[in-house]
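Come along while I look things up one by one.

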Amino acid sequence: MEKKDIQKKTFSKGRVAALLVTAAAAVILALVLPDRRQAFLEASWKFFLEMLIILPAITVMIGLFSVFVPKELITKHLGESSGFKGFLLSLGLGMLPAGPLYVAFPVAAALLAKGARRANIIVFLTAWACIKLPQEMMEFTFMGPAFTFTRLALTVIAAALMGFLTERIMAGGQRYS
Amino acid sequence: MSVTALVMNGLAVTGLIVAGIVNRRKALQALKAAWHAFIGMAPRVLIIVILIGIILGFIPREFIARVVGGESGFRGILLSATFGAIMFIPSILAFPLAGSLLESGAALSSVAAFITSLTMIGIVSLPVELKVLGKKMTLYRNVFGFIFALMIAMVMGALL
């Protein structure tokens, strides 16, 4: 608990410092290139408004998921079934947001220790990293449907292949049948 | 307000109302968690907003087009994926940034490479991954993640 608090503090300090550096860079650029100042302000303002409209919705979804789909629920159901059903379950559970990727690693390790298939763990981690639902809402908003759905489909295929390959290599081609 | 933004807000409000009917206490808890997430994100939202302004305002279109544009080919994809692997941007905030890159002349394949490797690979979370999943699995996951990010990008460039 204490360690977590320290981590949080240094994180936010780093964030504020990063914000100051970015702002300073923008001010310097605005002084050096005064004729581009207008374009800078317009672009920033436009995206600021877009974020202001979309972010509350996204954070509400994150909040709802975090309360109604706790991590324990995911741990309980993952690694239960095998085959294609296991793949779909890993994918689906990975898509439910329950924090950043580093939260998923301990979950994955616990499941491995419990004897879950390595392939499914990789699928779960890939889904967690790449296709969480609020993230996809954001992608849809800013990149459009064609980009979002194509990338989604390709990522699902990639997740399956990554799981298969990792399991196969780590088992030395023996355990996989 | 775009249709998409309206739909997203509609989804959130509907979700909240349903949650409120099912369990009022939990719904309030979710609102609180949402507020925390929003506040936690705020400084980074401002960073991204300024960064987008810099990309669209100060960086010449020709430069972005040359480095990660259609002409840059595989080199542009590789560069974007490498950037994505190194950088630490919350995925939710990566999409506005990616959108602005697309607007300012980056190739669709480069942007796809950037997003995919950004979300798939995290240099910052590497120590945790190593410790928890072990050297071998971490290596395979990240190497395959990077290769597949490049492949996804190339397929997307060919399809869209």
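Below are my entries, starting with the fold of one chain and ending with single residues.

**Entry 1: the model and chain A**

I note before anything else that this is a predicted model. I looked up the secondary structure of chain A and found seven helices and zero strands. Reading along the sequence, I wrote the pattern down as α-α-α-α-α-α-α. Chain A has 177 residues, and 44% of them count as buried. I also checked how far apart in sequence the contacting residues lie. Among contacts in chain A with a separation of 6 or more, 71% come from residues 24 or more positions apart.

**Entry 2: where chain A meets chain B**

Next I turned to the two chains together. How many residues of chain A are in contact with chain B? I found 70 of them, and they touch 71 residues of chain B. The two chains bury about 6300 Å² between them, and 85% of that area is on carbon and sulfur atoms.

I then looked for polar links across the interface. There are seven residue pairs in polar contact between chain A and chain B, counting pairs with both residues at pLDDT 80 or more. On the side of chain A that touches chain B, the elements giving two or more residues are α1 (2–32), α2 (37–68), α5 (101–113), α6 (118–130) and α7 of chain A. Which of them gives the most? I found that α2(A) does, with 24 residues. Sorted by class, this side of chain A has 52 nonpolar, eleven polar and seven charged residues.

**Entry 3: the salt bridges**

I counted four salt bridges over all chains. One salt bridge lies between chain A and chain B. That one joins B:E103 to A:K46, with the closest N and O atoms 3.5 Å apart. I looked up how open its two ends are. B:E103 is partly exposed, because its relative accessibility is 41%. A:K46 has a relative accessible area of 39%, so I put A:K46 down as partly exposed too.

A:R117 is at 29%, so I noted A:R117 as partly exposed.

Another salt bridge in chain A runs from A:R151 to A:E139, with the closest N and O atoms 2.8 Å apart. Are these two residues buried or exposed? A:R151 counts as buried at 1% relative accessibility, and A:E139 counts as buried at 0%.

**Entry 4: a charged residue without a partner**

My last stop was A:E136, which I located in helix α7 (residues 133–170) of chain A. A:E136 is buried yet has no salt bridge. Which side chain of opposite charge is nearest to A:E136? I found A:R151, 4.0 Å away.

To finish, I listed the surroundings of A:E136. Leaving aside neighbours within four places in sequence, A:E136 is in contact with A:C130, A:I131, A:T148, A:R151 and A:L152.

Key. Residues numbered from 1 in each chain as written. Chains lettered and ligands numbered in written order. Heavy atoms only, no water. Helix = DSSP H or I, 4+ residues; strand = E, 2+ residues; numbered from the N terminus. Buried < 20%, exposed > 50% of the residue type's maximum accessible area, 1.4 Å probe, protein only. Lys, Arg positive; Asp, Glu negative; His and termini not counted. Contact = heavy atoms within 4.5 Å. Buried area = accessible area lost by both parts, 1.4 Å probe. Polar contact = N/O pair within 3.5 Å; in protein donor to acceptor, adjacent residues only side chain to side chain. Nonpolar A, V, L, I, M, F, W, Y, C, P; charged D, E, K, R; others polar.
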